[in-house]
Amino acid sequence: MTINHKLLIQAQQKARAARQDGDGAKWMEANEEMKKAAGMPWYLGNLMQHGGGNGQAF
């Protein structure tokens, strides 16, 4: 798994700002950006958003 540290830091900053502002939509965008930066497979993000299983990754 390859991590893009620059993008990860930017996404974390965006998430932090969204939390301070109480902006849930912006936080969700940042969450997806963090997943991309961390190199997570696409299907894991989609599975968790749609209530896949009991919150465990497959």
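**Notebook: salt bridges and the core**

I started with lysine 35, which is buried at a relative accessible area of 17% (buried is under 20% relative accessible area, exposed is over 50%, partly exposed is in between, with a 1.4 Å probe and protein chains only). Next I noted the ground rules: this is a predicted model, where local features need pLDDT of at least 70 and side-chain atom pairs count only at pLDDT 80 or more, while totals for chains, interfaces and linings use all residues. Residues are numbered from 1 along each chain as its sequence is written, and side-chain values use heavy atoms, with hydrogens and water left out.

**Entry: lysine 35's partner**

I looked up what lysine 35 pairs with, and found a salt bridge to glutamate 32, with the closest N and O atoms 3.4 Å apart. For the term, I use a side-chain nitrogen of Lys or Arg within 4 Å of a carboxyl oxygen of Asp or Glu. Both residues sit in helix α2, three residues apart, about one turn of the helix. Helices here are DSSP runs (H or I, at least four residues; strands are E, at least two), numbered from the N terminus. Glutamate 32 comes out partly exposed, at 21% relative accessible area.

**Entry: the rest of the salt bridges**

How many salt bridges does a search of the whole structure find? I get three. Lysine 14 meets glutamate 29, with N and O 3.1 Å apart at the closest. That pair links distant parts of the chain, with lysine 14 in helix α1 (residues 5-21) and glutamate 29 in helix α2 (residues 24-37), 15 residues apart.

Lysine 14 also bridges to glutamate 33, at 2.9 Å from N to O. This pair, too, runs from helix α1 to helix α2, and its residues are 19 apart.

Lysine 14 is partly exposed at 21%, glutamate 29 is partly exposed at 45%, and glutamate 33 is partly exposed at 32%.

**Entry: the core**

Which residues make up the largest nonpolar core? I wrote down six: Leu8, Ala11, Ala15, Ala30, Met34 and Ala37. By core I mean a set of buried Ala, Val, Leu, Ile, Met, Phe, Trp, Tyr and Cys residues joined through side-chain atoms within 4.5 Å. Helices α1 and α2 are the elements that give two or more residues to this core.

Last, I looked at alanine 15. Leaving aside neighbours within four places in sequence, alanine 15 is in contact (heavy atoms within 4.5 Å) with Trp27, Ala30 and Met34.
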